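Please read the numbered points below with the sequence and the model at hand.

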Amino acid sequence: MSFEKFLFYVFAAILVFAAVMVITRKNPVHSALFLVLAFFNSAGLWMLAEAEFLAIALVLVYVGAVMVLFLFVVMMLDINIAELRAGFVRNAPVAILVALAMVVELVLVVGPQRFGLEAVAAPAANPAEYSNTEELGLALFTQHLYAFEIAAVILLVGIVAAIGLTMRKRPETKSQDPSRQSTVKARDRLRVIKMDAEEKG
């Protein structure tokens with residue numbers, strides 16, 4: 001067994017372990033930390049596949065930004081663990097059906113001929129000046145341009161929806177109206193009272 005194949009099995013085993021721990025931990029903070037571990041091992045697998053740009057992007061974007069924000073939000077919220085466990089048990093049958101459907105779709109899309117290391121042909125060695133970032137950009141903005149634009153529109157809709165849900169009016173929320181503040185005059189907010197001076201005895 002070559003050293004590269006050994007690293008592949010090590011990264012893959014840790015990745016599967018971390019993914020299982022993400023969905024089985026009761027504490028959301030522990031699940032998020034195991035998800036960080038899964039991201040790191042996924043980046044290692046991408047490095048073995050000579051996809052350095054995707055590996056660095058995964059570490060910088062997801063581990064360095066998204067997961068830190070997620071951990072901050074989870075630790076700031078008061079999450080009821082008992083309620084989460086009850087919801088997990090209640091929705092487990094639906095989750096199992098969705099997982100089985102995803103496995104069937106993966107098998108149909110990828111096909112059994114592509115599973116296993118023996119079925120994958122060894123890639124040709126790339127020249128020294130090869131840049132997978134350049135190749136990724138060319139493929140993304142030429143061959144997969146429509147899919148890229150559709151994904152961008154979906155993300156934009158998600159951002160707008162999140163802002164709309166956050167900025168909706170709540171009766172208990174105190175807010176300021178800048179238009180009313182700019183029309184306020186001094187006599188409406190300030191009252192001058194004239195009082196006679198008093199002498200101390």
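1. Helix α2 covers residues 28-48, which is 21 residues. Its first and last C-alpha atoms are 30 Å apart, close to the 30 Å expected at 1.5 Å a residue. The expected span of a helix is 1.5 Å times one less than its number of residues. Helices (H or I, at least four residues) and strands (E, at least two) are DSSP runs, numbered from the N terminus.

2. On the basis of the values: this is a predicted model, in which local features need pLDDT of at least 70 and side-chain atom pairs count only at pLDDT 80 or more, while totals for chains, interfaces and linings use all residues. Residues are numbered from 1 along each chain as its sequence is written, and side-chain values use heavy atoms, with hydrogens and water left out.

3. Which residues of α2 are buried? They are P28, S31, A32, V36, A38, F39, N41, S42, A43, G44 and L45. Buried means under 20% relative accessible area, exposed over 50%, and partly exposed in between (1.4 Å probe, protein chains only). An α-helix has 3.6 residues a turn, so residues three or four places apart point the same way.

4. S31 lies in helix α2 and is buried because its relative accessible area is 11%. Leaving aside neighbours within four places in sequence, S31 is in contact with M21, V22 and R25; contact means heavy atoms within 4.5 Å. S42 also belongs to helix α2 and, at a relative accessible area of 18%, is buried. With residues up to four places away in sequence not counted, S42 touches L15 and L58.

5. What follows α2? The residue is E50, whose phi is positive, near 60°. This is a positive value in a residue other than glycine. E50 lies in the loop between α2 and α3 (52-76). With a relative accessible area of 46%, E50 is partly exposed.

6. In α1, the residues A12, L15, A18 and M21 are buried. Against which helix do the buried residues of α1 pack? They pack against α2.

7. A nonpolar surface patch of about 780 Å² is made by M1, F3, F6, F8, Y9, V10, I14 and L37. Patches are made of residues with over 30% relative accessible area and no salt bridge: like charges are joined within 9 Å, and nonpolar side chains (Val, Leu, Ile, Met, Phe, Trp, Tyr) within 5 Å. A salt bridge is a side-chain nitrogen of Lys or Arg within 4 Å of a carboxyl oxygen of Asp or Glu. F3 has its place in helix α1 and is exposed, with a relative accessible area of 60%.

8. Rings of Phe, Tyr and Trp (its six-membered ring) pair if their centres lie within 6.5 Å; planes under 30 degrees apart count as stacked, over 60 as edge-to-face and the rest as tilted. By this rule there are five aromatic pairs. One of them joins F8 and Y9: the ring centres are 5.6 Å apart and the planes stand at 70°, so the pair is edge-to-face. F8 is partly exposed, with a relative accessible area of 31%, and Y9 is partly exposed at 41%. The rings of F141 and F148 have their centres 5.0 Å apart and their planes at 70°, so this pair is edge-to-face.

9. F141 is partly exposed, with a relative accessible area of 46%. F148 is found in helix α6 (residues 145-166) and counts as partly exposed at 35% relative accessibility. Residues up to four places away in sequence aside, F148 touches L140 and F141.

10. Finally, the protein as a whole. It has eight helices and zero strands. Of its 201 residues, 12% count as buried. Among contacts between residues at least 6 apart in sequence, 57% join residues at least 24 apart. The protein exposes about 17200 Å², of which carbon and sulfur atoms supply 68%. Accessible areas come from the Shrake-Rupley method with a 1.4 Å probe; for residues, only the protein chains shown count as cover.
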